[in-house]
Amino acid sequence: MSVDRSEKILSCINGYGRGLEIGPNHRPLAPKSAGYDVETLDWLDKSDLIQECMRCGLDPSQVEEIDYVWRGERYADLVDLSRGRFDWIIASHVVEHVPDLVAFLRDCEQILNDRGVVVLAVPDKRYCFDRYRSISGLGEVLDRFFAERSCGGQVISDTALGGLAAVGCS
């Protein structure tokens with residue numbers, strides 16, 4: 001008996017805790033409609049995600065309300081922490097599009113409680129639409145992090161958001 005992708009990811013979180021799903025797009029893994037205490041962060045709001053799904057030929061029926069639309073700011077400056085920090089964060093097919101991997105992980109750490117977990121679903125590059133792009137090495141990841149620190153904060157480029165726009169489109 002094989003475990004499907006969603007079950008495997010959800011087995012890593014406390015389903016009864018408070019969570020944040022980053023980039024749920026058209027297929028949330030911990031949907032509000034299933035009773036999860038989850039907030040969502042994506043690059044578009046619900047109506048724009050529905051339009052993007054339709055443009056890409058994807059079924060928009062599972063798109064849920066988006067709580068936070070990310071424009072490059074730090075997560076701690078965007079999300080509401082008045083209820084406390086999150087117990088878990090899920091980011092599926094997101095990490096390969098973030099402009100600064102180290103800052104992404106640091107941002108997640110800042111909004112998680114002491115026992116919080118981050119669950120990343122990272123696609124197998126061999127089977128993705130961008131399979132011919134070169135792989136970023138650790139040196140590139142660190143260079144990006146230190147370059148952004150030297151220019152005064154997190155930088156977001158149009159190509160970073162454009163990369164997210166391409167998710168799911170061929």
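1. Buried here means under 20% relative accessible area, exposed means over 50%, and partly exposed lies in between (1.4 Å probe, protein chains only). In helix α4, residues 101–111, that label goes to Ala103, Phe104, Asp107, Cys108 and Ile111. Seen down the axis of α4, these buried residues fall within an arc of 140°, so they line one face of the helix. The arc is that of the directions from the helix axis to the C-beta atoms. An α-helix has 3.6 residues a turn, so residues three or four places apart point the same way.

2. The basis of this note is a predicted model: local features need pLDDT of at least 70, side-chain atom pairs count only at pLDDT 80 or more, and totals for chains, interfaces and linings use all residues. Residues are numbered from 1 along each chain as its sequence is written, and side-chain values use heavy atoms, with hydrogens and water left out.

3. Now the overall layout. The protein chain has 6 helices and 5 strands. Helices (H or I, at least four residues) and strands (E, at least two) are DSSP runs, numbered from the N terminus. Read from that end, the order is α-β-β-α-β-α-β-α-β-α-α. Of the 170 residues, 39% count as buried. The chain exposes about 9,900 Å², and carbon and sulfur atoms supply 52% of that area. Accessible areas come from the Shrake-Rupley method with a 1.4 Å probe; for residues, only the protein chains shown count as cover.

4. Among contacts between residues at least 6 apart in sequence, 69% join residues at least 24 apart.

5. The strands form an open sheet. Its 5 strands stand in the order β3-β2-β1-β4-β5, with parallel pairing. Two strands pair if DSSP finds at least two bridges between them. The edge strands are β3 (68–69) and β5 (112–121), and each pairs on one side only.

6. The bridges can be followed strand by strand. β2 and β3 run parallel and are joined by 2 bridges; Asp42 stands opposite Val69 in β3. β1 and β2, also parallel, are joined by 5 bridges. Gly19 has Val38 in β2 as its bridge partner. β4 and β5 pair in the parallel sense over 6 bridges. Here Ala91 has Leu120 in β5 as its bridge partner. As for β2, 5 of its 6 residues are buried, so this strand is largely enclosed by the rest of the structure.

7. Which residues touch the most other members of the largest nonpolar core? They are Leu20, Ile22, Leu41, Tyr75 and Phe104, in a core of 18 residues. The elements that give two or more residues to this core are β1, α3 (75–78), β4 and α4. Apart from it lies another core, of 9 residues, among them Ile9, Leu29, Ala30 and Val119. A nonpolar core is a set of buried Ala, Val, Leu, Ile, Met, Phe, Trp, Tyr and Cys residues joined through side-chain atoms within 4.5 Å.

8. Back to α4. Leaving aside neighbours within four places in sequence, Phe104 is in contact with Ile22, Tyr75, Ala91, Val94, Val95, Val98 and Leu120. Asp100 caps the N-terminal end of this helix: a side-chain oxygen lies 3.2 Å from the backbone nitrogen of Val102.

9. Asn25 deserves a look. Its place is the loop between β1 (18–22) and β2 (37–42). Asn25 counts as buried because its relative accessibility is 14%. Phi of Asn25 is near 50°, a positive value in a residue other than glycine. Beyond four places in sequence, Asn25 is in contact with Asp42, Trp43, Leu49, Cys53 and Val63. Cys53 is 28 residues away along the chain, with 8.5 Å between the two C-alpha atoms. The side chain of Asn25 also makes a polar contact with the side chain of His26, at 3.3 Å. (A polar contact is a pair of N or O atoms within 3.5 Å; within protein, one must be able to donate a hydrogen and the other to accept it, and residues adjacent in sequence count only if both atoms are side-chain atoms.)

10. Ser92 sits in strand β4, residues 86–92. Is Ser92 buried or exposed? Ser92 is buried, at 11% relative accessibility. Not counting residues up to four places away in sequence, Ser92 touches Arg5, Ile22, Gly23, Leu29 and Ala121. His93 lies in the loop between β4 and α4. His93 is partly exposed, with a relative accessible area of 30%. Phi of His93 is near 55°, a positive value in a residue other than glycine.

How values were computed:
Contact means heavy atoms within 4.5 Å.
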